[in-house]
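Morning, everyone. Please have the model open on your screens. I'll go through it region by region.

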Amino acid sequence: MVDRLSSLLQRFSLRAHVHHGGALRGPMSFGEHGSDGHLHLVREGVVMLVGPGRRRLTVAAPSLVYLPRRAAHRLMAAPGAQAQVVCASVSFGSDQENPVLRGLPALVCVPLADMPGLDVAQALLTQEALAGRCGQAAVVDRLAEVLVVQLLRWCIERGQVHSGSLAGLADARLSRAITAMHDEPSEPWTLDSLAQVAGMSRSRFAAHFKAVVGLPAAEYLKRWRIDVAKGLLRQGLPIKIVAGDAGYGSTSAFGKAFTQVEGASPSEWRGRVL
């Protein structure tokens, strides 16, 4: 089976930081500062989430709640109830450079009963968060990252995202072509070669890709290459090297494509963000 997530996880740094584990004694606010998303593991009790925006969500069963992008929100126990939660901030690369984040809804809430594969990880996370043992921070942070990956896997396998990268990765045929683009952005992909990877005719592949992902395949490939390039530019690599690794035969072709997507040349963009 094609591994549909590993290339994405290798390109973008997933980092979690657990900052609360235990009883939810009063309202807790998140997402008012910084750019991170948040993961909340509701272990016991009834929890009310207010936000993002004016959204109100009551979590009445043990669940994972994931807000992949920065969004101001509050958690509180239902009146007269007690709740046990583990809360973590989650960074998954820049919001603008990660097609996984762009493909997810603002809020994902999944009852743990619907994700039986989480039993060991979430139980161990809760145990470690409450234990106060040496090395606790490193352990709970890594376990929170495991939960994020498992949640993304669940979204793909259950077809819970209806457009963007994850929707394409959930499609049995499109996933082969998208994973090939992710794994080897420097390959000279064409519509014909991508259709061949997907096992579809050129015309059917083009129509199906746009309908599911929301972009033509060529545009998706260009944006993916630019996403890859931005990650390499952040590392300080020379533009000529970045161009080749991102699939462009010359710095001029790379600069033109980069400017089309970002509205600035690679050097201008790097000077702005670094």
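Which backbone oxygen does the side chain of His73 reach? It is the backbone oxygen of Ala71, and the distance is 2.6 Å. Keep in mind that this is a predicted model.

Let's stay with His73. You'll find His73 in strand 7, which covers residues 73-77. Is His73 buried or exposed? The cut-off for buried is under 20% relative accessible area. His73 has 3% relative accessibility, so His73 counts as buried. Now look at what surrounds this residue.

Next, Leu151. Leu151 sits in helix 4, residues 136-157. Its relative accessibility is 1%, so Leu151 is buried too. Which residues does Leu151 touch, not counting residues up to four places away in sequence? They are Tyr66, Val108, Val110 and Met115. Now pick out Val228. Leu151 and Val228 are 77 residues apart along the chain. Their C-alpha atoms are separated by 23 Å.

On to helix 6. Helix 6 runs over residues 174-183. How many of its ten residues are buried? Eight are, so helix 6 is mostly covered. Here are the names: Leu174, Ser175, Ala177, Ile178, Thr179, Ala180, Met181 and His182. What do these buried residues pack against? They pack against helix 1 (6-11) and helix 5 (165-170). They also pack against helix 7 (191-198), helix 8 (202-213) and helix 9 (217-234).

Two of those neighbours deserve a look. Helix 7 and helix 8 pack at an angle of about 85°. Their axes are 9 Å apart. The two helices are therefore roughly perpendicular to each other. Who makes the contact? From helix 7, we have Leu191, Asp192, Leu194, Ala195 and Ala198. From helix 8, we have Arg202, Phe205 and Ala206.

Now the rings. The structure holds five aromatic pairs. One of them is Phe209 with Tyr220. That pair is edge-to-face. The ring centres are 5.7 Å apart, with 70° between the planes. Phe209 lies in helix 8 and Tyr220 lies in helix 9, so the pair ties together parts that are eleven residues apart in sequence. Are these two buried or exposed? Phe209 is buried, at 0% relative accessibility. Tyr220 is buried as well, with a relative accessible area of 6%.

Another pair is Phe254 with Phe258. This pair is also edge-to-face: 5.7 Å centre to centre and 70° between the planes. Where do the two residues lie? Both are in helix 11, residues 251-262. They are four residues apart, about one turn of the helix. Why does that spacing matter for direction? An α-helix has 3.6 residues a turn, so residues three or four places apart point the same way. Both Phe254 and Phe258 are buried.

Last stop. Ring pairs link Phe254 and Phe258 with Tyr248 and Trp269 into a cluster. What lies over the face of Tyr248? Arg225 does, at 5.8 Å from the ring centre.

Notes: Residues numbered from 1 in each chain as written. Predicted model: local features only at pLDDT ≥ 70, side-chain atom pairs only at ≥ 80, totals over all residues. Heavy atoms only, no water. Buried < 20%, exposed > 50% of the residue type's maximum accessible area, 1.4 Å probe, protein only. Contact = heavy atoms within 4.5 Å. Polar contact = N/O pair within 3.5 Å; in protein donor to acceptor, adjacent residues only side chain to side chain. Phe/Tyr/Trp six-rings, centres within 6.5 Å; stacked < 30°, edge-to-face > 60°. Lys NZ or Arg CZ within 6 Å of the ring centre and 35° of its normal. Axes fitted to C-alpha atoms, helices over the stretch in contact; angles between N-to-C directions. Parallel < 35°, antiparallel > 145°, perpendicular 65-115°, else oblique.
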